[in-house]
Amino acid sequence: MMAQYLEIKGQHPDCLLFYRMGDFYELFFDDAVQASRALDITLTKRGKHLGEDIPMCGVPVHAADAYLARLIRRGFRVAVCEQTEDPAEAKKRGSKSVVRRGVVRLVTAGTLTEEALLDARSHNYLAALGRAEGALALAWLDMSTGDFLAGPTSPAGLEADLARLQPGELLVPETLGGADDIRAALAPWDAALTPLPPARFNSRRGEDILKQQFAVASLDGFGAFSRAETAAAGALVAYLEETQKGDLPRLRAPRRIEAGATMAIDAATRRSLELVRTQQGEREGSLLATIDCTVTGAGARLLAERLSAPLTDPAAIGRRLDAVAWFLERPALAARLREALRACPDLERALSRLSVGRGGPRDLAGVAQGLACAGGLRALVEAALAETSLGGEPAAVVEAARDLGSHQPLVELLTRALVEEPPLIARDGGFVARGYDGALDECRSLRDDSRQLVAGLQGRYREHAGVASLKVKHNNVPGYFIEVPASHGERLMKPPLNETYIHRQTMAGAVRFSTAELADLDSRISRAADEALAREQEIFADLAARVTDQWSAIATAARALAVLDVSAALAHLASSRNYARPEVDDSLTFAVAAGRHPVVEAAVAAQSGSFVANDCDLGEDSRLWLVTGPNMAGKSTFLRQNALIAILAQMGAYVPAASARIGVVDRLFSRVGASDDLARGRSTFMVEMVETSAILNQATPRSLVILDEIGRGTATYDGLSIAWAAVEHLHDVNRSRGLFATHYHELTALAGKLDSLSPHTMRVKEWQGEVVFLHEVGPGAADRSYGIQVARLAGLPPAVVSRAQTVLERLEAGEQSSAVRDLAQDLPLFAAHMQRQAAPAEKPSPALDALRAVNPDDLTPRDALELLYRLRGLMEDL
């Protein structure tokens, strides 16, 4: 067995090997050591190898998914090794023959399909980066749903593309990963990288693989794929063949995403805006969590997909908005649809598991239930469409209704074949309904009704033999047999009864017999359980094949259900939150009336508060706003809310505003908040400068830029200079629409020099020494930042606040450098430092010498008074 283990392990040195032994997956040697630490399970030992104990640990097969999930999250790859022959067959080769085993699957972060290993509301992408003819491309697929896409990228855009996809695993050529032009973009994904030999990314080989996978003679029908896109897509399919050991999942035909088809949003901006995760890594509190009103897993995944990749085509955006508006106008229809969808299982992932042979009876039931739901919804939606005025039918809803299809024969078959609540896995049986298969019912009758059958046979034999005490018994050696008292045994051994009853054994007080009928029944009962289970497996395979034969139609229906779910959910969001339909066009307009921050508004509403709405109009003569005002007044919230409104509008959702007209944004940049990157040797200020550099080098007139407090992480004049130059560059060179928040009030002087710079401020009121934040944005500039008032609100000790106020007043009263010198005299630490600088050699002081010689504890009140007079005299003598 160890020889077999070592041979298989040698074929997969980069994986932990789950070696099947009975009801456990066992791990040995270093695999066992690593797994025991990662899983916090007991490390034991079994046997010896080269004179050393063999470390061993194991996990039960029935709970393997939970352990696999933990290992994958820790970055391990796992090779699952199963028995590939029946133990009875192995015994035919000799009593000590080892059962044949082989790796049936490699489990990696990008190739998960099991429900327990996946987040139902998120895609799990496997991506590949290809390069050919000097161009870069990405291809990505979700094995659990069959989605398969590809598109061009570039060294400058790679980081944003990967941030959009968030791949669980990224395949790269070994030679590409070290290239200088993309190393920085790949650095954040180091844990997800799987380097492969460059030959795997050959575009010609990739083309052949794709043609074979989709059984076509040419890929032209799928789109005009570049060689780099073909190389990346082919590498993905080849990797699936390797990891799934030939059990390839069914995939949708690859779809090409054109360059610039989606808004580019880099990783820093996504973190800053907290699109799908907060900066603490939590889903709760993100924009996605706030707007997610979907009721199905597939709908949630599609919503996240749209949020991560807002469109740049106004016509496509309009089609999505039309679907939302249609449901918004029909609240009763939307409510019925959403209620029906709540009972709809995850059709996409159930179908995917069945296609790779990892599905179970519950997946078949899910397909039946999902398709039944699709049929009901198609009738519901088509009836509503029929009542819609001619030309008013939204194209997206019409297409979804058509794609739901008609699957009634398959639904009826699966419903008739399966019990109401089938088990999760097929291997234990019990999922086929009675009456579906006659042979199975017969086996089950033998298995389940053996006592009744034996009792009936016993009654017949008693009557036939004329022996009332005859019994049919069973033990493990002879099986079923007939037993009569010794006094009746002789008669059964004589004609004509001996033609029916075959003598088996004579004992002191009883005689045992058998019959041909009883022997046959014995054989059938003993085989019945095995035959019933085997027959159920055959039925499962047949039903799964019938489902996968209709894979394309079912997958299309599943996608249509997701589209309807998202459209109805966004309509529900718009209705419940008072969102407005945005107007998205090809202009450079950005006009939002009474805009609100969706996440902050939801949080405030949860506490029975109200959010203060603000306008933002980045017209041609005011396309760059310079926003000043105190901390805590809402500058960052105002900046972020306008970026989020642009994203929501271009993903095809209503927006939190009274109205919004937005010219398509090609790239969105956000530099809000501060953090360091110690792992890459970057201080907070360095991170800020790197992100600002990316903005100033990449922003276009169609981009939207929000910058908050650039230059605050360094000396005052350095920071002011950088902020000044950045504003000028954004205005004159990038010419982007933007919001620039700052505490450098000196920058407002640029309004007289830069025609399209418009100063705005966060309004506040002072009342009885306190500052009241109005959270309103208005034209003009702030004259102060109210930092000390905010410090008081934060709970700084009163003495610190008071001293800070004194320092501020003296700094504001006079020339700064002289004021600092004067203040330093009041601070013992700085006074001592300045004295050392001003007076290198200390002069003798009799007064100080006398003071140093005094012990205050020895002084009486009279002595203290005399000491004061003496010190005063010594000072006058100086």
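Predicted model: local features only at pLDDT ≥ 70, side-chain atom pairs only at ≥ 80, totals over all residues.
Arg319, Ala323, Trp326 and Phe327 lie on the α12 side, and Ala395, Ala396 and Val397 on the α16 side. By class, this contact has six nonpolar residues, one charged residue and no polar ones.

Helix α12 spans residues 314-328 and helix α16 spans residues 395-404. Their axes come within 7 Å and cross at roughly 80 degrees. The two helices are therefore roughly perpendicular to each other.

Now the aromatic rings. The whole structure holds 11 aromatic pairs. Two of them are set out here.

| Pair | Centre to centre | Angle between planes | Arrangement |
|---|---|---|---|
| Trp326 and Phe327 | 5.1 Å | 80 degrees | edge-to-face |
| Tyr461 and Tyr501 | 5.7 Å | 75 degrees | edge-to-face |

Trp326 is buried, at 2% relative accessible area. Phe327 is buried too, at 1%. Tyr461 and Tyr501 are both buried. This tyrosine pair links distant parts of the chain, 40 residues apart. Tyr461 sits in helix α19 (residues 450-465), while Tyr501 sits in the loop between α20 (486-492) and β16 (502-506). Elsewhere, ring pairs join Tyr5, Tyr19, Phe28 and Phe29 into a cluster.

Cys15 is buried, with a relative accessible area of 3%. Cys57 also counts as buried, at 2%.

Terms used: Residues numbered from 1 in each chain as written. Heavy atoms only, no water. Buried < 20%, exposed > 50% of the residue type's maximum accessible area, 1.4 Å probe, protein only. Axes fitted to C-alpha atoms, helices over the stretch in contact; angles between N-to-C directions. Helix = DSSP H or I, 4+ residues; strand = E, 2+ residues; numbered from the N terminus. Parallel < 35°, antiparallel > 145°, perpendicular 65-115°, else oblique. Contact = heavy atoms within 4.5 Å. Nonpolar A, V, L, I, M, F, W, Y, C, P; charged D, E, K, R; others polar. Phe/Tyr/Trp six-rings, centres within 6.5 Å; stacked < 30°, edge-to-face > 60°.
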